[in-house]
Amino acid sequence: MALLVHVLACLLGTGSWVAINGMWVELPLIVPQIPEGWYFPSYLTILIQFANVGPLFVTLVHRFLPGRLNEVAVIYTIICIGVVACLLLAFFWQATTVVAGELHSTALLALMFFLSVVDCTSSVTFLPFMMRLKPHYLTTYFIGEGLSGLVPGLVALGQGVGVVHCVNGSLFPNNGNAANGSASSRLRAEYQPARFSAQIFFLFLSCMMATCLVAFFMLNHLPAARRERAKARLQCKKVQVSDREALPGLETVEHRPMISPTEDVKGQRKSLFGAGTYSWLQVLYIFALLAWANALTNAILPSVQSYSCLPYGNTAYHLSATLAAVANPMACFVAMLLPNRSLKMMGALSIAGSLIACYIMAMAVLSPCPLLLNHHGGVVLILTPLAFPFKQDGGFLRHD
């Protein structure tokens, strides 16, 4: 029965960011058929940032109305919105209207905003719900969150989106001598049709969201899941009692701190933030790194991803989107296994990630002719930075 709870936790995690990750990997098929063209990734990035009103609302309610927000009801609501939005997306993503004298994909943009709200809000609702279970189920949840990027990416690769083959073609000269066979041969790019349409892909995303809804329902009502929640509450109470006996002056202490504590020997609070472990200067330093990491990984780099990766081919673009979606949960998993993260390590990783981000931005500026364009080394160089270093830094910061 514990294995069943692990499976359900994994399925819940797959619904966390599946809609947005699915849209990123489907862009090569969507973009040529919408008025926004390759400006759409920038629109999508802006929509995702505006969608943070969802997490902001949840945070404000927790702050000013503690205990009044029913997280289970919120999760049911956002998952149902995700199912309906993906279903509508399958039928209306090509619908356009005239706005300010220009055609725009209003239905696509509106539905993507709702899906962005769903995915952003899941970050502040799914995790608190998973904390009701034992800690090792959280690892399974992060695996599912990684699958929310991997599964749509693999489906898109199997879909064959934007596959290009070079074929022999004939280009007739302008003087019209085609009749006497005067023609010059050259290689011509021929775009192969996808194995199935974007509509089928969006219906697949809707099914994944529906599976997430069923998994969440079972986690709430399955007897095995209820027993696991009861065991987690009992274990938490035992830890709190032992902590109060060991440190009677503290209400609660963190059972397993992610950062090595820097308190002085007397245990005095250095600031009013959290448990007072860090001074205000250190708190500002941590949040500055967190803001910089999120700005790069969630706003700056995704908005130029089509310029930095697409010149190397559609396969490279798909792999970059897939690896980038999987790397962040993978980094969170690594941070759980190796929890001791010093502030110096954060700074070093941030500097390394910033240098790699500079390389990615440089390739975007040089687009459509970046370095090593027709060489496999160019693909490796552009995929490795997008997939690993700065994503790991973001994962360490989030856990710390």
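T45 is found in helix α3, which spans residues 40-50, helices here being DSSP runs of H or I with at least four residues and strands runs of E with at least two, both numbered from the N terminus. The model is a predicted one, in which local features need pLDDT of at least 70 and side-chain atom pairs count only at pLDDT 80 or more, whereas totals for chains, interfaces and linings use all residues. Residues are numbered from 1 along each chain as its sequence is written, and side-chain values use heavy atoms, with hydrogens and water left out.

At 5% relative accessibility, T45 counts as buried, where buried denotes under 20% relative accessible area, exposed over 50% and partly exposed the range in between, computed with a 1.4 Å probe and protein chains only. When residues up to four places away in sequence are not counted, T45 touches W24, N298, A299, P302 and S303, a contact being defined by heavy atoms within 4.5 Å. The C-alpha atoms of T45 and S116 lie 9.6 Å apart in space, although 71 residues separate the two in sequence.

The protein chain as a whole has 15 helices and four strands, and 44% of its 400 residues count as buried. Of the contacts in the protein chain with a separation of 6 or more, 77% are accounted for by residues 24 or more positions apart. The accessible surface of the protein chain comes to about 20,700 Å², and carbon and sulfur atoms contribute 68% of this area, as computed by the Shrake-Rupley method with a 1.4 Å probe and, for residues, with only the protein chains shown counting as cover.

The interior was next examined through its nonpolar cores, each a set of buried Ala, Val, Leu, Ile, Met, Phe, Trp, Tyr and Cys residues joined through side-chain atoms within 4.5 Å. The largest core holds 77 residues, of which L12, I79, M112 and F202 touch the most other members. Helix α6 supplies the largest share of this core, with 11 residues. Leaving aside neighbours within four places in sequence, M112 is in contact with I20, M23, F40, L44, L47 and L89. A second core, separate and made up of six residues, includes Y278, V283, I286 and M346.

A pair of aromatic rings is described by the distance of the centres and the angle of the planes. Seven aromatic pairs are present in the structure; rings of Phe, Tyr and Trp (its six-membered ring) pair if their centres lie within 6.5 Å, and planes under 30 degrees apart count as stacked, over 60 as edge-to-face and the rest as tilted. The rings of Y76 and F216 have centres 4.8 Å apart and planes at 75°, so this pair is edge-to-face. The pair links distant parts of the chain, with Y76 in helix α5 (residues 71-92) and F216 in helix α8 (residues 198-221), 140 residues apart. Y76 is partly exposed at a relative accessible area of 23%, whereas F216, at 0%, counts as buried. In the pair formed by F126 and Y141, the ring centres are 6.4 Å apart and the planes stand at 80°, so this arrangement is likewise edge-to-face. F126 lies in helix α6 (residues 106-130) and Y141 in helix α7 (residues 135-159), so the pair ties together parts 15 residues apart in sequence. Both F126 and Y141 are buried.

Q159, found in helix α7, counts as buried at 0% relative accessibility, and a polar contact of 3.1 Å joins its side chain to that of E26. A polar contact is a pair of N or O atoms within 3.5 Å; within protein, one must be able to donate a hydrogen and the other to accept it, and residues adjacent in sequence count only if both atoms are side-chain atoms. N21, placed in helix α2 (residues 18-30), is buried with a relative accessible area of 11%, and a polar atom of its side chain lies 3.0 Å from the backbone oxygen of W17.

Backbone geometry was considered last. Most residues other than glycine have a negative phi. A100, although not a glycine, has a positive phi of about 55°; A100 is placed in the loop between β1 (97-99) and β2 (102-104) and counts as exposed at 80% relative accessibility. L372, also not a glycine, has a positive phi of about 55° and is found in the loop between α13 (343-366) and α14 (376-387), where L372 is partly exposed, with a relative accessible area of 44%.
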